Amino acid sequence: MINRKVIFIPFCLLAQGLRARGLAKRYNAIVKPLIQYLIDNEVNIIQMPCPEIRYEGVYRLPAGKSHYDNDNYRSICREIAGEVVHFIMDLLENGYYVVAILGVDGSPSCAVKYVTVGKRRVRDMGIFTEELRTRLDYEGLNIPMVGVSIYGLKSAIREIDRLLIESEIKRL
């Protein structure tokens, strides 16, 4: 029997080498411990498009949330959020279970819990995750979002593990 559990992940968790210049420090390509955890638990992994790449291209310098907080960028984020939510709805209508949507904390686009401002962490969501949450709420979809810290994966893995256990309980 196929596994119908799905997790949506940000583009960079499978492609660290495409993050803004100089940000891929801990992992050269794939964030292996997290992805291996998902593979070991036989979770279907859906990679979401990167709004920053769509906006500025592959070569870009690190920038904060204020750099991206403009109408053009938000429009790109809303477009991608719409694509993701449409896919989620299709999955749900066909018997799949969306366990969570992951985001990368610290990111001006995909943060779930905090963004980085200078050298400080500020409790805030990234622009893409804001737009995605807005679209999910509009459609009445209560999909959990989990913030992933590249430098502390254990917390995110514990949260995903909890959500996977909950999904098993709901299935029974």
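Colleague: How are α4 and α5 oriented to each other?

Modeller: This is a predicted model. The axes of α4 and α5 come within 8 Å and cross at roughly 45 degrees. Angles under 35 degrees would count as roughly parallel, and 65 to 115 as roughly perpendicular. The two helices, α4 and α5, are therefore oblique.

Colleague: Which element gives the most residues to the largest nonpolar core?

Modeller: That core has 25 residues, and F8, V84, I88, I101, F128, L132 and L136 have the most contacts inside it. At least two residues each come from β1 (5-9), α4 (71-93), β3 and α5. With nine residues, the top contributor is α4.

Colleague: Which residues does F128 touch, leaving out those up to four places away in sequence?

Modeller: F128 is among the residues with the most contacts inside the largest core. Beyond four places in sequence, F128 touches M48, P51, C77, I80, A81, V84, S109 and C110.

Colleague: What is the strand order in the open sheet of four strands?

Modeller: The edge strands are β2 (44-47) and β6 (145-148), each pairing on one side only. β1 and β3 pair in the parallel sense over four bridges. β3 (residues 97-104) and β6 do likewise, also over four bridges. The order is β2-β1-β3-β6.

Colleague: What angle does the direction of α5 make with that of β6?

Modeller: Helix α5 (residues 127-138) packs on the sheet. There α5 touches β3 and β6. The angle between the directions of α5 and β6 is about 165 degrees.

Colleague: Why is β3 described as largely enclosed by the rest of the structure?

Modeller: Buried here means under 20% relative accessible area. β3 is largely enclosed because, of its eight residues, the number buried is seven.

Colleague: What phi does G118 have in the β4 and β5 hairpin?

Modeller: β4 (residues 114-117) and β5 (residues 120-123) pair in the antiparallel sense over four bridges. V117 has R120 as its bridge partner. Two residues lie between the strands, and G118 is in the turn. Its phi is positive, at about 65 degrees.

Colleague: What separates the C-alpha atoms of I157 and L34?

Modeller: I157 lies in helix α6 (residues 153-171). Not counting residues up to four places away in sequence, I157 touches P33, L34 and Y37. I157 and L34 are 123 residues apart along the chain. Their C-alpha atoms are separated by 6.9 Å.

Note on methods
Residues numbered from 1 in each chain as written. Predicted model: local features only at pLDDT ≥ 70, side-chain atom pairs only at ≥ 80, totals over all residues. Heavy atoms only, no water. Pairing = 2+ DSSP bridges. Contact = heavy atoms within 4.5 Å. Axes fitted to C-alpha atoms, helices over the stretch in contact; angles between N-to-C directions. Core = buried A, V, L, I, M, F, W, Y, C linked by side-chain atoms within 4.5 Å. Buried < 20%, exposed > 50% of the residue type's maximum accessible area, 1.4 Å probe, protein only. Parallel < 35°, antiparallel > 145°, perpendicular 65-115°, else oblique.
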